[in-house]
Amino acid sequence: MPGSLEKSGPPILDVRGLCMGIWSGKTELVAVADVSFRAYSGQVVALVGESGAGKSITAMSLTHLLPMPPIKITAGEIRLSGRDMQTQSPKQIRDIRGNEVGIVFQEPMTALNPSLRIWRQIAEPLVRHRRLSWSAAKAQAINLLKKVRIPDAETKAEAYPHQLSGGMRQRVMVAIAISCEPRLIIADEPTTALDVTVQAQILALLTDLTRGLGGALLLITHDLGVVARYADWVNVMYAGRIVETAAAKNLYRDGRHPYTHALLASVPKIVGPIAHRLESIAGQPPAPSDGTGGCAFAPRCSRRTERCDERPPLGGDDRTRNGHLFACWNPL
Amino acid sequence: MNDVATNILDVSDLCVDYASTTSFGVTGAPSVRAVKGISLTLQRGETLSLVGESGCGKSTTAMAILQLTPPSGGRVVFDGRDITGFSHRQMRPLRREMQIIYQDPFGSLNPRMTIADLIAEPMAIQGVGRSGNERRAKAAELLDTVGMGTRFLDRYPHQLSGGQRQRVAIARALSLRPKLLICDEPVSALDVSVQAQVLNLFSDLKEQFGLSYLFISHDLGVVRHMSDRVAVMYLGRIVEIATRDDLYGEPLHPYTRILLDAVAVPDPQIERARDHVLLQGEVPSVATPPPGCPFHPRCPSAMPVCSREIPPLRLHGNRQIACHLYDEAAANKTIEAAMDGNGNPN
């Protein structure tokens, strides 16, 4: 269950004005523009949006997991526990990755090494960062497998990834991510490839473990239901920008950006009234090359006015409080 | 049950076996029964959904109905004709009337054909239309029907977005004016805003062309929006089949309940108030199903009988359910049903 929005101490993750470009061979496309968000201890912070919104590229930039070039951070600041990530040397980044920041990727089959036994992959960060001996790390790996509730951990530790089900593999990913008790866990669509009952198990595990460690979870997802169930704070992204940011309960009850509204309305739900037609959003999400000077959502927006040719700033008004911000000239 | 006038599809006791091959194609282990005695009916103009987790046999059921995978048992009656075991040659004239839309619009469209050719291809194969020009004109009309302009006619699939490709796949399926459309996870690869457009298109086309849908999806929200009736599958069997409102209003089978409970609702207030029962473990392999009820090892309400006897799908009120929890109630209702003569509420 979601934790509190109390900000205990300084933020674990502080991203300010992040801009990223992709060199296409001819021009530099804007992939992410002016993205700012924070994550505090005990919080689950979501980046939500459709494909191409810039969620994953934002998350992967935090620990330099992107090919640079062609991708380049053009402006902004990323601070992890106060340190500026852009001034860290590659060696320092390697010390942080897997140690202070754990990462769970969407596809465990490609993220795990198919030719190494499970325990070996969990033990690796412990040997690398904690300087444990391989035998001590193996014992710890088995403990971690128990912690992520893999039955018969001793036997499964000796298995190879292909011998495990998708859900089990994702539990192994979680065990690797938490092995060094990181301050921040980044989970990029961690359950998209899994069945719904397994999805619920993995997400409950991830949020419980994060809170247990006093860390923060950055959850990247396109699933608004998952966000509602697990996230404390939500950043809605569209075309590389955050268009609305709010506490989860405020966003769903009093979302102000037309995109947030349209997105919520277009999800068919398992409860509530059934409309004959779903409210759909005309057109499709823009590609990075489609950038204009105005609001990126305007071409699909029902509340569009002339003013939308100018980009609306991310701000609040007298109805929003507690850091709820939106970028729209004609909010709901 | 075999009411030819109202049922477009009548499936009884359908079974599908897959030969399990060891490496290099040498058959070793006995075959795996992926679908175990599925019975369902689809009325004209109705949408029946099959839901369940991966590996439960939803897609295999669809392939067996279309005779694309040969059934190893049971009967498939389409529009009054028993098509069980029909060869590809025998099926060909019937393919006009039953079309399928697949999940992946990237894999199901030939990348070397233009959109016009892709939509016209089924008509060319079936000999519909007198000339290529006539078929092209029909393709243009169909593109318009699915909400795309004729400017797409000479483009290639790679120039289209996922939503547009799925529209092309729909236009292609509609080109032969089918009576039955099987949709196998048709919106799973799409973003939600685009998914809503395509779902609305399905609703419109159903009215416009009087289609019947067999709709396969793992997304319970999508299924609720689209269906008249819903069949929940687990490990190759139907465990509950009911009208949409009955199933979502009061799920009775423990698996249906847990499945619905696992779906997160996009509303934090509802989510905070819900009491989550996390399902333990994962779906067992169809190759080594547990004895008795296939769900009993994970079932919170399992009783001793559940590990011994497979519960048959029985009438319970307006629905059919395969669970020992409803044994006694079902026994009484069976008598009523026998007099009533039809298990499908309208």
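# Briefing: aromatic pairs and buried residues

Over all chains, the count of aromatic pairs comes to nine. The model is predicted.

- Phe202(B) and Phe215(B) form an edge-to-face pair, with 6.1 Å from centre to centre and 90 degrees between the planes.
- This pair links distant parts of the chain, since Phe202(B) sits in helix 6 of chain B and Phe215(B) in strand 8 (residues 212-217) of chain B, 13 residues apart.
- Phe202(B) has a relative accessible area of 0% and is therefore buried, the cut-off being under 20%.
- Phe215(B) also counts as buried, at 0% relative accessibility.

**The pair Tyr255(B) and Phe295(B)**

- The ring centres of Tyr255(B) and Phe295(B) are 5.1 Å apart and their planes stand at 65 degrees, so this pair is edge-to-face; the label applies to planes over 60 degrees apart.
- Tyr255(B) belongs to helix 9 (residues 254-262) of chain B, while Phe295(B) is in the loop between helix 10 (268-273) and strand 11 (314-316) of chain B, so the pair ties together parts 40 residues apart in sequence.
- Tyr255(B) and Phe295(B) are both buried.

- Helix 11 (residues 258-265) of chain A has six of its eight residues buried, so the rest of the structure largely encloses it.
- The buried residues of this helix are Pro258(A), Tyr259(A), Thr260(A), Ala262(A), Leu263(A) and Leu264(A).
- Within chain A, these buried residues pack against helix 9 (224-230), strand 9 (233-238), strand 10 (241-247) and helix 10 (248-254).
- They also pack against helix 6 (192-209) of chain B.

**Glu240(B)**

- Glu240(B) is found in strand 10 (residues 237-243) of chain B.
- Its relative accessible area is 0%, so Glu240(B) is buried.
- The side chain of Glu240(B) makes a polar contact with the side chain of Thr256(B) at 2.8 Å.
- The Glu240(B) side chain also reaches the backbone nitrogen of Leu252(B), at 3.2 Å.
- Leaving aside residues up to four places away in sequence, Glu240(B) touches several others, among them Val230(B), Ala231(B), Val232(B), Leu247(B), Pro251(B), His253(B), Leu313(B), Arg319(B), Gln320(B) and Ile321(B).

How values were computed
Residues are numbered from 1 along each chain as its sequence is written. Chains are lettered from A and ligands numbered from 1 in the order in which they are written. This is a predicted model: local features need pLDDT of at least 70, side-chain atom pairs count only at pLDDT 80 or more; totals for chains, interfaces and linings use all residues. Side-chain values use heavy atoms; hydrogens and water are left out. Buried means under 20% relative accessible area, exposed over 50%, partly exposed in between (1.4 Å probe, protein chains only). Helices (H or I, at least four residues) and strands (E, at least two) are DSSP runs, numbered from the N terminus. Contact means heavy atoms within 4.5 Å. A polar contact is a pair of N or O atoms within 3.5 Å; within protein, one must be able to donate a hydrogen and the other to accept it, and residues adjacent in sequence count only if both atoms are side-chain atoms. Rings of Phe, Tyr and Trp (its six-membered ring) pair if their centres lie within 6.5 Å; planes under 30 degrees apart count as stacked, over 60 as edge-to-face and the rest as tilted.
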